Amino acid sequence: MIRFLIRRILGGAFVVLVVTLAVFVLFGPVLTWKSNITPARLYAGKSPTAKDIEQVKTLLGLDQPYYVQYAYGLRRLVLGPSQDERDRVCPGSTAEECDQLLGRFGSSFAKQRSVDSLIAARFPVTLSLAIVSALIWLLISIPIGVLSAIRPRSLGDRMATVFVLIGQSLPVYYIGLLAIYFLSYRLGLFPLSGYESFAITNPWPWLSHLLLPALVLALAFAALYVRITRSQMLDTLSEDYVRTARAKGASEPRVVVRHALRNAMLPIVTMFGLDLGLLLGGAILIEVTFGLQGLGALAVEAAKRLDVPTTAGIVLFSAILIVAANIVVDLVCASLDPRIRLE
Amino acid sequence: MSEPILKATGITIGFPVTRGIILQREVARVQAVAGVDLTLHAGETLAVVGESGCGKTTLARGLVRLRDVDAGTIEFMGEDITRKRGRGLSAFRRQVTMIFQDPIASLDPRMRIGQSVQEPLDIHGIGTPGDRKRRVQEALERVGLNPEHYNRFPHAFSGGQRQRIGIARALVLEPRVIVCDEPVSALDVSVQAQIVNLLEDLQRDLGLSYIVIAHDLDVVRRLADRVQVMYLGRVVEEGGGEQVYTQARHPYTGALLSARPIADPKVARTRQRIVLQGDVPSPINPPSGCRFHPRCPVAQASCTTDDPRLVVGADGHGWACAYPLS
Amino acid sequence: MTLLTVDNLRTTFRTDDGPVCAVDGVSLTVGAGKVLGIVGESGSGKSALSLSIMGLLPESATVEGSIRLGEQELVGLSKHDLRALRGSEVAMIFQDPMTCLNPVLTIGWQLVEAVRLHQQVSRREARKLAIDGLAAVGIPSPEDRLRTYPHELSGGMRQRVMIAMALLNRPRLLIADEPTTALDVTTQAQILELMRDLRREVDAAIVLITHDLGVVAEVCDEVAVMYAGRIVERAPVDELFAQPQHPYTWGLLASLPGRSRTGQRLHQIPGAPPSLLSPPPGCRFAPRCALVLDACRTDPAPSLAPVGAGGSQVACLLDQSTRDREGARYAAGEESA
């Protein structure tokens, strides 16, 4: 088990390393060479002089050869900004002030802030949205999927199929706009847009702002999960060991829950882990539709303003989340299926 | 005796055992097949018999070069083809084809059976499209199927018919040797007889040579001129078909014969049966000495240390046992 | 004492292509402590028969006729009552031990569940019963085995676990559906020996479903030969092999590879079993029968009728002298192709 975990973590670290290289090449040399966008010019503000640009280059270390820049970048990602870099970028300021300006993911061009602090400010929104909507879609889809697998071709199963079709074919922003118009604007059930921080004393403002976007997002995923749960469950229910359980005299709910569900969950867990990892990198359409200031919205802003470090930082951050999600998925699968532990 | 058509010497095939957290290095090889010799003469049938885990399927795959062999040589019509690649391998594969156990799994369900049978011709680029179609229809007819079934899909056929399709696919290249991996074990008894008879007819009409892999001595009794019994990667007994059945010398062969259910209740009630205890040991860590000794009903102390070699007498009957049955 | 009585059982599946009658008017009885072999090839309805007795058919199937266990009628019993019988009064062993145990649950969990579904005992007591059960089927160090998962055991061991699980609640009727087909020859011999031993100890009626006449000869007292949903011959095991009555039985006997002699061609039954969607009128074996009479194709299918003094029954229109002559020939292995 420990071996398995170590191997997966080392493998994940390697994947992240490859991603950093890809991100560096894409947002560094490729961008500069292809589009004549020099990061230094962008950082230097409006209509900079040649001297300004040179200064910025030195400041950011862009005058160094690429491999040195990459090595510095990697070092910063792992260990945090070096003292030397702190002295260069924010001379004379306190450590806290400097942290606001310089972080592991670098500094934003558009705002005088570190990418880390930007992500840290936005991530709670995205995280809340992902968790609430994941809870909703799992709670909707797994029971529906299981029930329609137990009674295939029944009325309920057919209704579930219609639900799947609607959920999969309507884009989230469309459902989102309809929901805002009817539920928030006409009926006033939910706030129109925005986000409130989570407070343990009164979580309602937080939840009321999140509920509608999470619900809309969950609807699209639930449709997919109903389909997968149904087909997995149908397959599992026709397995020989399920027949054995029935031959033992186990009741139908017991057969479904104790014998079939765990086997059917394996592929669903795998998919869920990946989807959640993906969502934690930001749900752009939902965030924009509902005016949520999450990572997705940040990515859109950054891209529009050619804020290279922020965009790169978000890409890298999402990649790390997805790799982490993968490892968690593997662990959960191993705990569900003893045959995986052997590996 | 004629020149052998296929001759294998000292065939050893292993699977890697790997260790290590990041870089998987090979620490050992599990010998699934550990030094097997085999000679097939033209027009003859050689049966390789053994239970699951004895290495017979791995051996078959090695012989048709679906797997690389670690050691040993395979000669086809006097030519060493052990390491052949590319064109030479392709020429060999036209001469030596294979029939698989599961006729359902070995046919692509989305491919019309004509296409399935024709595929080997397409791969080897034999003949014009017209020729190919004609040869496919001939092959279908030869195995007792209606050539007009060319355009049907596999699901429209019964198990026995699908095995006929598998045989047609092996035949269409007009090979010299067909390696049959458990050709009838997935079929009903009455259909087994049809397939065994078909294989015999084809051998007589086309002068084919067969290597038949089977777990059941009874099934190959009809077909085999010679039989090799395998246990844990080794040949433990070989001989002419009837020799092995009527005068088995290796205790494992004796146990295999004794284990067959006998379709005669009076005999079944009275006969002395050797029932082996336990399971076949893992080839990762084979027993010392004779590999069969932990389960052998007549093992002696020396069997735990001495590994008997297969010694074949002048009559072609050989066994690897220090204390053979009499 | 008769334990299981099946009377004129008809099991019909609804399919997209129309109703398929997999079991068509089957009647049989099994006594306590006896083994009835049901022999047939794929599509003969032998598995549908066993699932009908277990009440394990899918919802698309309907069962008519009567299945009595002792005095109790099983057809038409509520789901709840049937479930109470399954695993306690009636237990089943399946063909492929590789797929019949739940891969994600330990052997111990699965055995303890089987006990506690039917007996009001503590977990600890159930565990003890499970250990005893494993020991009874010859599994070494049964206590350690409880913690293992199915994939850690060999095929033979898994089948032993299945048998132990089926016997945990001391069933009165045990149905074994091809219990050795998926196993190696030497493992098959071990399992058959185990079944012979258990038969003496448990005193349950056993229905053994198989395609292999060899297995039948080894363990059965009585045999029913099924073809295309019907029983074509029923006989005590010695009678069946000494004086087989139905042409299909002859064919099965003759196609056994072990019985053929060297230099002799294997006997084959031409053709394939009929589709049950549109079975042939009259005798269903008629299209493949070498001795077929005109009446076989047109008259309504013959029903089982007693022959001789040995207790055999056969459903065949051939006259008795032909059947005796041919049957004796096949029994002696003298048939030629």
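How exposed is B:Asp122, and what is its relative accessible area? B:Asp122 is partly exposed, with a relative accessible area of 36%. Welcome to this predicted model, in which the salt bridges over all chains number 40.

**Salt bridges within chain B**

- B:Asp122 and B:Arg132 join their side chains in a salt bridge, at 2.9 Å from N to O. B:Asp122 belongs to helix α3 (residues 113-124) of chain B and B:Arg132 to helix α4 (residues 129-142) of chain B, so this pair ties together parts 10 residues apart in sequence.
- The cut-off for buried is under 20% relative accessible area.
- Another salt bridge connects B:Glu182 to B:Lys56, with the closest N and O atoms 3.8 Å apart. This pair links distant parts of the chain, 126 residues apart: B:Glu182 is in the loop between β7 (177-181) and α6 (189-206) of chain B, and B:Lys56 is in helix α1 (residues 56-63) of chain B.
- Here B:Glu182 is buried, at a relative accessible area of 8%, and B:Lys56 counts as buried too, at 6%.

**Salt bridges within chain C**

- C:Glu326 and C:Arg325 meet through their side chains in a salt bridge of 3.7 Å, N to O. C:Glu326 counts as buried, its relative accessibility being 10%.
- A network of salt bridges links C:Arg10, C:Asp24, C:Glu64, C:Arg230 and C:Arg284.

**An open sheet in chain B**

- Four strands of chain B make an open sheet in the order β2-β1-β4-β5, with antiparallel pairing. The edges are held by β2 (25-41) and β5, each with a single partner strand, so one side of each has no neighbour in the sheet.
- Strands β1(B) and β2(B) are joined by 13 bridges in the antiparallel sense. In this pairing, B:Ile11 stands opposite B:Val36 of β2(B).
- Strand β1 (residues 4-19) of chain B also runs antiparallel to strand β4 (residues 71-76) of chain B, over five bridges. Here B:Ala8 has B:Ile74 of β4(B) as its bridge partner.
- Two bridges pair β4(B) with strand β5 (residues 79-80) of chain B, again antiparallel, and B:Glu75 stands opposite B:Asp80 in β5(B).
- The hairpin of β4(B) and β5(B) has two residues between the strands, and B:Met77 takes a positive phi near 50 degrees there.

**Strand β3 of chain C**

- Five of the five residues of strand β3 (residues 35-39) of chain C are buried, so β3(C) is largely enclosed by the rest of the structure.
- In a regular strand, side chains alternate between the two faces of the sheet. In β3(C) both faces are covered, with C:Val35, C:Gly37 and C:Val39 buried on one side and C:Leu36 and C:Ile38 buried on the other.
- β3(C) runs parallel to strand β8 (residues 205-210) of chain C, with five bridges, and pairs in the parallel sense with strand β9 (residues 222-227) of chain C over four bridges.
- C:Val39 has a bridge partner in each of these strands: C:Thr210 in β8(C) and C:Val225 in β9(C).

**Helix α5 of chain C**

- The 14 residues of helix α5 (residues 123-136) of chain C should span 20 Å at 1.5 Å a residue, and this agrees with the end C-alpha atoms, which are 20 Å apart.
- Buried residues in α5(C) are C:Ala126, C:Ala130, C:Ile131, C:Gly133 and C:Leu134. They cover an arc of only 160 degrees around the axis, which puts them on the same side of α5(C).
- On the other side of α5(C), C:Arg124 and C:Lys128 are exposed.
- The cover over the buried residues includes α4 (107-116), α6 (142-145) and α7 (155-167) of chain C.
- After α5(C) comes C:Gly138, with a positive phi near 80 degrees.

**Where chains B and C meet**

- Contacts involve 38 residues of chain B and 42 residues of chain C.
- Together the two chains bury about 3,400 Å², 50% of it on carbon and sulfur atoms. B:Val189, B:Arg222 and B:Ala263 supply 18% of the area that chain B buries against chain C, more than any other three residues.
- Three salt bridges are counted between chain B and chain C. B:Arg271 forms a salt bridge with C:Glu218, with 2.6 Å between the closest N and O atoms.

**Chain A overall**

- Chain A has 16 helices and zero strands, and its C-alpha trace spans about 80 × 55 × 45 Å along the principal axes.
- Of the 343 residues in chain A, 44% are buried.

Conventions
Residues are numbered from 1 along each chain as its sequence is written. Chains are lettered from A and ligands numbered from 1 in the order in which they are written. This is a predicted model: local features need pLDDT of at least 70, side-chain atom pairs count only at pLDDT 80 or more; totals for chains, interfaces and linings use all residues. Side-chain values use heavy atoms; hydrogens and water are left out. Buried means under 20% relative accessible area, exposed over 50%, partly exposed in between (1.4 Å probe, protein chains only). Two strands pair if DSSP finds at least two bridges between them. The expected span of a helix is 1.5 Å times one less than its number of residues. The arc is that of the directions from the helix axis to the C-beta atoms. Contact means heavy atoms within 4.5 Å. Buried area is the accessible area (1.4 Å probe) that two parts lose on being put together, summed over both. A salt bridge is a side-chain nitrogen of Lys or Arg within 4 Å of a carboxyl oxygen of Asp or Glu.
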